Amino acid sequence: MSVLQAIGGLAPMIAPVVGALVITVGSWRDIFWTLAGFGALMVLTAVWFVPETLPPERRHRGGVLQSLAGMGQLVRIPPFVGYALTATFSGFTMMAYIANSSYVLQVMKGIPPIAFSLFFASTALAQVVVSVVNARLIGRFRPHAMITVGLIASAVAVIALTLGVLVWDTPLVLTCLGFLVLMASQGLVFGNSGALASMQATHIAGSAAAVQGVASALAMAAAAPLASSGGGDSAVPMIAVMLAGSAISAASFVFLTRPTGHREVEPGAREGA
């Protein structure tokens, strides 16, 4: 999961470059044709190179009723709900940065576009690096403990950003440092939370993955307009989203998950995260 996150973390660095190349040789419509092409490529890749790994005796024909039954089982597994909400609202917090950082850094602080692009890429790179480090640490430390470290780092970053915006007129160095730590800390949260959530429901792994994916997508879709509602005039909405996301993520982790149990990855094991 951490390696997948690291690979996915490259997207914020590569995508703007690809988009810029497309727009220099075509119109804005060609951006959407490019996206459609990537979508078709993903479908073909899944068909040709991703075999079915579920044993035949465990397969079923699926359907809406089967999916709803699986979701009903998931909400009755508190650790699954806890880990899933931890990842979901960490993403909610992170999206506040992604959606509003350009307003804060370019409009409010006057950073040139090229400087902002380089900084934005550096925060994505920080998350990639921490995700890779996290993958190497599995087996030495429990994933639950590393999530704890990630959530603490994220909370410290959010508190620093809150003080910066509400008390110190958004100082540039503190703001950039807060954004960087916030993004990097997700490398300890997403992979471990997703893996541990899935391990609570291996008998309905497909439904577990689907629920986590949909929940994260909805949370990020909600966070973006809320965080950027202040535009270049105020970063307070961004701070409100970060505080809410960080608090809900931490509460879900503390009250719905447990650091021990037979489903936790034991030191020395490499599976899961």
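Begin with the lining of the largest pocket: by class it has 14 nonpolar, eleven polar and no charged residues. (Ala, Val, Leu, Ile, Met, Phe, Trp, Tyr, Cys and Pro count as nonpolar, Asp, Glu, Lys and Arg as charged, and the others, Gly among them, as polar.) A pocket here is an open set of points on a 1 Å grid over the protein atoms alone, with protein on both sides within 12 Å along at least five of seven lines, and a lining residue has an atom within 4 Å of a point.

Before you click on, a word on what you're looking at: this is a predicted model, where local features need pLDDT of at least 70, side-chain atom pairs count only at pLDDT 80 or more, and totals for chains, interfaces and linings use all residues. Residues are numbered from 1 along each chain as its sequence is written, and side-chain values use heavy atoms, with hydrogens and water left out.

Now select Met1, Gln5, Phe190, Ser216 and Met220: of the 25 lining residues, these lie nearest the centre of the largest pocket. The elements giving two or more residues to this lining are α1 (2-9), α5 (78-108), α6 (113-137), α8 (172-199) and α9 (205-227). Helices (H or I, at least four residues) are DSSP runs, numbered from the N terminus. Which helix gives the most? That's α9, with six residues. The space in this pocket comes to about 680 Å³, a volume being the space filled by probe spheres set on the grid points, which are joined across faces, edges and corners.

Next, colour by domain: domain 1 (1-51) and domain 2 (65-257), with bounds from an automatic or database domain assignment. Their centres, taken over C-alpha atoms, are 22 Å apart. Nine residues from domain 1 and 16 residues from domain 2 take part in the contact, where contact means heavy atoms within 4.5 Å. The largest pocket draws at least three lining residues from each domain.

Hop over to His60, Ile204, Ala205, Gly206 and Ser207, which lie nearest the centre of the second largest pocket, lined by 17 residues. About 420 Å³ of space is in there. Both α4 (64-74) and α9 supply at least two residues of its lining, which divides into five nonpolar, ten polar and two charged.

Where is the largest cavity? Select Ser90, Thr93, Leu151, Ser154, Ser246 and Ser249, which line it. A cavity is a set of points where a 1.4 Å probe fits but cannot get out, and this one holds about 40 Å³. At least two lining residues come from each of α5, α7 (143-166) and α10 (236-256).

Residues 31-51 are 90% helix, with end C-alpha atoms 31 Å apart. For residues 203-223, also 90% helix, the end C-alpha atoms lie 32 Å apart.

Last stop: colour by pLDDT, the predictor's confidence in each residue, from 0 to 100. The chain's mean is 87, and 93% of its residues reach 70 or more. Over residues 260-273 the pLDDT is below 50, and this stretch has 37 contacts in the model beyond near neighbours in sequence.
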